[in-house]
Amino acid sequence: MTDLSMQQTTQEAGMGDYFALLKPRVMSLVIFTALVGLIVAPVPTHPFIAFVGILCVAVGAGASGALNMWWDADIDRIMKRTAKRPIPSGRVQPQEALAIGLVLSGFSVVLLWLATNALAAFLLAFTIFFYAVVYSMWLKRSTPQNIVIGGLSGALPPMIGWAVATGTVGIESVLMTALIFMWTPPHFWSLAIFVKSDYGNAGVPMLTETHGLRTTRNHILGYMIALVPVSIGLGFTSIGGWTYMATAVAMNIWFGKACYDVWRRDESAADADNYAAEKTAFKVSLAYLFLHFSALMAEVALRTWDLGGW
Amino acid sequence: MAIKVEHELHSRRRGRNLGVGLLLGGFIAIVFGLTVVKVIQLGDARKFEAFDHVARPAITTEEPSQ
């Protein structure tokens, strides 16, 4: 018995376990949106500085992921989806995760400052603080609006990318951030409806469990409607154009229809087809964000042939 | 039966050491690369030399003669 438990607790982590602390899947979205923010900015950036800037944003995001895993180790242990994470499974010690999170946060912010400018570094520091402290430590366990407000940290990377290039915050970067911010609730809640979670057991208030699925469906449609002016408004700024606008209109119709389908039905209908409408809304939400940001990149490419913009 | 020296733990440690080595190497490459880019971006190398604390008559601009 003793030998067995000794073996479990003294298991050493491999490099992959430390990498898993950085939440690589979340990191990929951060890299993509930060890169778009940097590329669409009107000021050209040296490729190497751009590379270092994006790397710092990715590492900073990863550091906040490690801090989140350190703080949430107690509830991660309870929930099935998260029980295999490095800390609850015993492969990484909580103190190691804390140390890695703090050191990488410091390194990424200081290096971003040295490589680019103080504003970009400040925005990255704020993003890490918001995710690790405001979301993880405060909102997550206290309000069902946790993912709405906490979503700001996931929405800020394009603003950092823009700041890396320009050293400023413009209406364009504010709207790119607002787009992700308003997109997060319908995206996340459509997933929350069809995935049977055990947040309740872990004491995490989720809208689906605190207010029921009817309220969640209303919220999905409400946030979708609020998302439309942000998406269309971005098209009228200096980084928009015909290509972006056509994409935005098409995606808003598509995603709007998907959210409407989720809103109009009740649980018996959802049960009957195994949550098909909710699954569709979730998939469309992924395409929605990806195509919006891809269209912004396409405008830049088209502009080199004098075809982009208005 | 031959004694197996290599334990699974050793290969995991080797992987970790290699990972840390690569990360440190990458960090040095980044700082060096940034230095090169920042200096080149100055355009005129004399701007860089002008930060030297020693008087350098060769890089000072000539004052107009009276």
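Predicted model: local features only at pLDDT ≥ 70, side-chain atom pairs only at ≥ 80, totals over all residues.

Colleague: Let's start with helix H3 of chain A. How do you know that its length fits a helix?

Modeller: H3(A) covers residues 24-40, which is 17 residues. At 1.5 Å a residue that should span 24 Å, and the end C-alpha atoms are 24 Å apart, so the two agree.

Colleague: And which residues of H3(A) are buried?

Modeller: Among them are Met27(A), Val30(A), Phe32(A), Leu38(A) and Val40(A). The buried residues of H3(A) pack against helices H4, H9, H10 and H15 of chain A.

Colleague: What about helix H1 of chain B: how does its reach compare with what is expected?

Modeller: H1(B) runs over residues 8-41, so we expect 50 Å for its 34 residues at 1.5 Å a residue. From first C-alpha to last it reaches 49 Å, which is close to that. After H1(B) comes Gly43(B), with a positive phi near 80°.

Colleague: What do the buried residues of H1(B) pack against?

Modeller: They pack against H2, H4 and H6 of chain A. The buried set is Arg12(B), Gly19(B), Ile30(B), Gly33(B), Leu34(B) and Val37(B).

Colleague: That takes us to the interface. How much area do chain B and chain A bury between them?

Modeller: About 1400 Å², with 72% of it on carbon and sulfur atoms. On the chain B side, Arg12(B), Arg16(B) and Ile30(B) lose the most area to chain A, together 40% of what that side buries. Chain B puts 16 residues into the contact, and chain A puts in 16 residues as well.

Colleague: How many salt bridges and polar contacts do you count across it?

Modeller: The salt bridge count between the two chains is 0. For polar contacts, the rule finds 3 residue pairs across the interface. Sorted by class, the chain B side that touches chain A has 8 nonpolar, 4 polar and 4 charged residues.

Colleague: So where are salt bridges found? What makes Arg141(A) and Asp74(A) one?

Modeller: The cut-off is 4 Å between a side-chain nitrogen of Lys or Arg and a carboxyl oxygen of Asp or Glu. Arg141(A) and Asp74(A) come to 3.0 Å, N to O, so the pair qualifies. Arg141(A) sits in the loop between helices H7 and H8 of chain A, while Asp74(A) is in H5, so the pair ties together parts that are 67 residues apart in sequence. Over all chains, the count comes to 11 salt bridges.

Colleague: What about Asp261(A) and Lys257(A): why are they separated by about one helical turn?

Modeller: They are 4 residues apart in helix H13 of chain A, which puts about one helical turn between them. An α-helix has 3.6 residues a turn, so residues three or four places apart point the same way. The closest N and O atoms of Asp261(A) and Lys257(A) are 2.7 Å apart, which makes a salt bridge under the 4 Å limit. Asp261(A), at 17%, falls under the 20% cut-off and so is buried, whereas Lys257(A), at 48%, is partly exposed.

Colleague: Last one: which backbone oxygens does the side chain of Ser190(A) reach?

Modeller: Those of Pro186(A), 2.9 Å away, and of His187(A), at 3.0 Å. Ser190(A) belongs to helix H10 of chain A and counts as buried at 1% relative accessibility. Its contacts beyond four places in sequence include Ile220(A) and Phe282(A).

Notes:
Residues numbered from 1 in each chain as written. Chains lettered and ligands numbered in written order. Heavy atoms only, no water. Helix = DSSP H or I, 4+ residues; strand = E, 2+ residues; numbered from the N terminus. Buried < 20%, exposed > 50% of the residue type's maximum accessible area, 1.4 Å probe, protein only. Contact = heavy atoms within 4.5 Å. Buried area = accessible area lost by both parts, 1.4 Å probe. Polar contact = N/O pair within 3.5 Å; in protein donor to acceptor, adjacent residues only side chain to side chain. Nonpolar A, V, L, I, M, F, W, Y, C, P; charged D, E, K, R; others polar.
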